[in-house]
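Visitor: Before we look at anything, could you show me how to read a helical model carefully, one feature at a time?

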Amino acid sequence: NRRRARERWGREPQPVSTNAPSPDELFLQKVTNLIEQHLDDAGFDVEALENALTMSRMQLYRKLKSLTNRSANEFIRLVRLKRARSLL
């Protein structure tokens, strides 16, 4: 499950399919939604994401690294870049 989620989210953040999503997919969707809500906030960083998710830095890092093979900073940057690309 983690390998499939990593493959899916490693390519591009996108909505989860209509069948029952796994907890990992729900987590990634929640993280993506939080990042997209704060796109205009240049100060939104890993620390702000940690606080919004009520997770420690290492807990967030391990979870994102296992699911997407990216750090929290890389994932935030990826979501922002994908959103910028769609706006262009």
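Predicted model: local features only at pLDDT ≥ 70, side-chain atom pairs only at ≥ 80, totals over all residues.

Visitor: Which residues touch the most other members of the largest nonpolar core?

Guide: A nonpolar core is a set of buried Ala, Val, Leu, Ile, Met, Phe, Trp, Tyr and Cys residues joined through side-chain atoms within 4.5 Å, where buried means under 20% relative accessible area (1.4 Å probe, protein chains only). Here the largest one has 19 residues, and Phe 27, Ile 35, Leu 49, Leu 53, Leu 60 and Phe 75 touch the most other members. Two or more residues come from each of α2 (23-37), α3 (46-53), α4 (57-68) and α5 (72-87), helices being DSSP runs (H or I, at least four residues) numbered from the N terminus.

Visitor: Where do the buried residues of α5 fall, seen down its axis?

Guide: The arc is taken from the directions from the helix axis to the C-beta atoms. In α5 the buried residues are Ala 72, Phe 75, Ile 76, Leu 78 and Val 79; they fall within an arc of 160 degrees, so they line one face of the helix.

Visitor: Is Ser 66 buried or exposed?

Guide: Ser 66, found in helix α4, is buried, with a relative accessible area of 19%.

Terms used
Residues numbered from 1 in each chain as written. Heavy atoms only, no water. Buried < 20%, exposed > 50% of the residue type's maximum accessible area, 1.4 Å probe, protein only.
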